[in-house]
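Thanks, everyone. Please bring up the model on your screens, and we'll walk through it together.

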Amino acid sequence: MAALGLIVVGDYALATGADSHVALAASLLARTSHAVSWAWLIPADRVQLAAALFEAWQRPHPVACFGGLGHGMDDSVQDTIEALQCGRDAVGAPRHVVRSDSTVMQVGNIAFFHGQPARAYDVFAQWWQSLVATADASEGAVATELLRWALPESAASTHARRQAKRKHPAVLQRVIAAAGGDVSLRLSGASKSKVQAARKALQAALKAP
């Protein structure tokens with residue numbers, strides 16, 4: 001499990017340009033040395049929501065969807081899911097597996113959470129921690145190292161990353177959120193020795209004149 005996608009449903013983020021869900025998820029994932037792979041902000045419109053869910057179901061990684069689980073005109077997620085499931089019935093495709101308990105509804109690879117932060121974040125944190133624990137148990141822990149990083153990247157830091165990538169193509173580099181609003185560069189690979197070698201190559205390139 002190398003990535004998490006996010007869908008934020010609702011007009012507020014689009015109208016104001018302000019959204020707390022992406023920042024919170026990025027911060028939470030950083031504690032486990034993971035990162036948000038992509039984030040979509042979509043209006044509370046069932047046609048656009050249907051398109052987003054259909055696309056997210058094609059992704060090979062887990063997706064968290066915030067919002068659209070209210071009452072009345074805010075309740076757009078469950079009706080849209082049912083319409084898409086019925087569409088699969090109509091063409092002879094199997095329905096996406098539904099797993100639901102008192103806190104989380106998951107359909108296929110998408111888990112759905114309330115749009116209100118106070119109701120969503122503790123549940124999301126528990127869901128993510130469980131997901132990481134399950135992935136680590138089945139896949140084996142991935143070796144990682146974190147380096148404090150600066151954004152926007154300078155020409156020198158970009159060049160250093162490219163050099164390290166050429167020498168160690170199997171080590172993944174990702175810029176992720178860190179505590180206190182800083183960012184880190186996460187190096188991850190199949191073994192500690194490979195990750196350390198990539199980190200040393202990167203640091204050497206940064207120090208080169």
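Let's start with a charge and a ring. The charged end of Arg59 sits over the ring of Trp38. From there to the ring centre is 5.0 Å. Keep in mind that this is a predicted model.

Now the overall picture. The chain has 209 residues, and 42% of them are buried. It is built with 7 helices and 9 strands. Take the contacts between residues at least 6 apart in sequence: 67% of those join residues at least 24 apart.

Next, the aromatics. How many aromatic pairs does the structure hold? There are 8 aromatic pairs. Take Phe113 and Trp127. Their ring centres are 5.4 Å apart and their planes meet at 65°. The cut-off for edge-to-face is over 60 degrees, so this pair is edge-to-face. Look at where the two residues come from. Phe113 is in strand E6, residues 110–113. Trp127 is in helix H5, residues 117–139. They are 14 residues apart, and the pair links distant parts of the chain.

The limit for buried is under 20%.

Trp127 has another partner, Phe124. Here the centres are 5.9 Å apart, with 35° between the planes, and the pair is tilted. Both residues are in helix H5. Because they are 3 residues apart there, about one helical turn separates them. Phe124 is buried too, like Trp127.

Step back from the single pairs. Ring pairs link Phe66, Phe113, Tyr121, Phe124, Trp127 and Trp128 into a cluster.

Last stop: strand E7, residues 143–149. Which side chains point to which face? They alternate along the strand. Ala143, Glu145, Leu147 and Trp149 point to one face, and they are buried.

For one example, go to Leu146: its bridge partner in E9 is Arg186.

That's the tour. Questions, please.

Note on methods:
Residues are numbered from 1 along each chain as its sequence is written. This is a predicted model: local features need pLDDT of at least 70, side-chain atom pairs count only at pLDDT 80 or more; totals for chains, interfaces and linings use all residues. Side-chain values use heavy atoms; hydrogens and water are left out. Helices (H or I, at least four residues) and strands (E, at least two) are DSSP runs, numbered from the N terminus. Buried means under 20% relative accessible area, exposed over 50%, partly exposed in between (1.4 Å probe, protein chains only). Contact means heavy atoms within 4.5 Å. Rings of Phe, Tyr and Trp (its six-membered ring) pair if their centres lie within 6.5 Å; planes under 30 degrees apart count as stacked, over 60 as edge-to-face and the rest as tilted. A charge sits over a ring if NZ of Lys or CZ of Arg is within 6 Å of the ring centre and within 35 degrees of the ring normal. Two strands pair if DSSP finds at least two bridges between them.
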